[in-house]
Amino acid sequence: MGGVRTALYNYLYAKQHGGDFILRIEDTDSHRFVPGAEQYIIDSLRWCGIVPDEGVDAEGKVVETPSERHPHAPYRQSQRRGIYRKYAEQLVESGFAYYAFDSAEELAAKRAEAEAAGQTFIYGQQSRGSLRNSLTLSGEETARLLESTTDWTVRFKMPEGRIVEMDDIIRGHIEVNTDTLDDKVLWKRADELPTYHLANIVDDHLMEITEVIRGEEWLPSLPLHYLLYEAFGWERPRFAHLSLLLKPVGNGKLSKRDGDKLGFPVFPLKWTNPETGETSRGYREDGYFPEAFVNMLAMLGWNPGTEQELFSLPELVQAFSMDKVQKAGAKFNPEKAKWFNKEYLRMKGDEELTELFVPVLQEHGIEVTGCFKCPVSHDFDAASVSKNYVKAVVSLIKERATFVADFWDIAWYLFKAPSSYEPKDTAKFWKEENYSLAFKVADFVQGFDGPWEKEALEHALEEFIRGNEWPMGKVMNCIRLALTGSGSGLGIADITVLIGKDEFCRRMAAAKQSIV
RNA sequence: GGUGGGUUCGUAUAACGGUUAGUACUCAGGAUUUUCAUUCCUGCAAUAGGAGUUCGAUUCUCCUACCCACUACCA
């Protein structure tokens, strides 16, 4: 979710300013490669309607070679290996970086040692003079190690006593003293890959990135990035650091564990970790509309300055503004997410919802036949209904649902007769003085020869019951119990008109049977 | 520990330095309805604390508290 929101804000900003949205895969950690993760990102963004201008083709594949539409290809950093080394070396030559030969094990030992002494080991201005690197070793030794060993790195030589003055679009002016910063690894000989810091700066420069909109966790690295641009003599982009998405209860950032625990998805699409087999539910699979998901995400940390809450993606492009982005972290609220989906479900057309409902009906053994131009029909014995019958049902129930999946629970009795009666409701309504009247009403319906429409039937029913001075609510609830098996549901006239006179009579008769 | 960031109802947020601090979600009542749901109405509920600047501070400054991030040859 957090990643999608960051991508969304980038997309909105780019589109609003007539820019291009580029998808670049930052896979410079060969140890953390997860098969399928890249495709997952592409699929997720596409589901959300966030389509990159550059970086993937129409089929969602990563572009390998430069073309007119994709001038900066390749967009996968693991395929750009050759580019980074010379930039790393350039920094060493110009004195902004140095070679470090300390092994990962040596450094780990130093960290453990410092920790035991209650201190923190920092590879930086205090310690670099006593470690094994091109600053302390002779030129010959350095050259020999560069040739003969393969686990050295290039580290940035953090300047001493400098105040780096930075500007963040969202947070404003920020100052950091370089004395508190360490000498970050920029390039690793072992896998001939850069770290994020180098790769990001080099690629942003090469790909002509004008705005960097990323998560707040990058704010502590911003001084390094500023210094890197300075060292290369490149014009830097503008930066905006987004606050994090927080878990709904308690403190801390949203993690996939929270979703499992509290019952909501934290992934846009269902995700199965190929290594562990562990799966995480997705918004798509949970029945959310992508528009609702995107709208909800957009409002988490941004507001339009008006009271409008519902925005389509193009409307978001129009309305988005960086100075309305919140500085503080936003706690995610699953209830509000559902509310958004409910609103979008209402806005959907009946035919679209019908198409989505058909598979659900089929799962419950209901066959759907015909088309939207075909006549309305149903055959409850054969568990078969026409598409237009489904559409009629959908138009009646859509305002009662949050998800398409709710439709069945709300309206199953419009597709098959109840096989049992809710005991609680039976105890409440099914009393002789009431159901005896209900059966008389049933007889009246059987003889009803007015137009078979909701309004006509409703009026006739009301006139008949009130005319006899019978208790409206009690009688109607008995009929509802017979028709739906429970004490809740649609209006009697609505149900009756839909299921038809024959089915109505059969259900009333069945209810009569059950009491004998 | 160090560095940086943050702090308005439970949640998301609004408020040129001047408002009875607004809206939405949730929740609680009520109205409508043949039930349920919808819809509508009403209500509950906040400027973290303390100084300072000012005629006046949610808004500006400082301090404190709390929360978060970073502190990897991860991003």
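Reader: Which helices and strands each supply at least two residues of the surface near RNA strand B?
Author: This is a predicted model, in which local features need pLDDT of at least 70 and side-chain atom pairs count only at pLDDT 80 or more, while totals for chains, interfaces and linings use all residues. Residues are numbered from 1 along each chain as its sequence is written, and chains are lettered from A and ligands numbered from 1 in the order in which they are written. Helices (H or I, at least four residues) and strands (E, at least two) are DSSP runs numbered from the N terminus, and near means a C-beta atom, placed from the backbone, within 6 Å. The elements that each supply at least two residues are H4 (104-116), S4 (172-177), S5 (185-188), S12 (330-331), H11 (334-347), H18 (472-484) and H19 (492-515).

Reader: Which element gives the largest share of the surface near RNA strand B?
Author: In total, 64 residues surround RNA strand B, with Asn251, Ala328, Lys331, Met476 and Gly491 the closest. The largest share of this surface is five residues, and they come from H18.

Reader: How many residues of the surface near RNA strand B are charged?
Author: Asp, Glu, Lys and Arg count as charged; Ala, Val, Leu, Ile, Met, Phe, Trp, Tyr, Cys and Pro as nonpolar; the others, Gly among them, as polar. The surface near RNA strand B has 22 nonpolar and 21 polar residues, and its charged residues number 21.

Reader: How many residues of S4 are buried?
Author: A residue is buried if 20 or more other C-beta atoms, placed from the backbone, lie within 10 Å of its own, exposed if 12 or fewer, and partly exposed in between. S4 has six residues and lies largely in the open, because the number buried is zero.

Reader: Which residue of S4 is the bridge partner of Asp167?
Author: Strand S3 (residues 163-168) pairs with S4 (pairing takes at least two DSSP bridges) in the antiparallel sense over six bridges. The two strands form a hairpin with three residues between them. Within S4, the partner of Asp167 is His173.

Reader: Is Leu135 buried, exposed or partly exposed?
Author: Leu135 lies in the loop between H4 and helix H5 (139-148). Leu135 has 15 C-beta neighbours inside 10 Å, so it counts as partly exposed.

Reader: How far apart in space are Leu135 and Tyr40, C-alpha to C-alpha?
Author: In sequence, Leu135 and Tyr40 are 95 residues apart. In space, their C-alpha to C-alpha distance is 44 Å.
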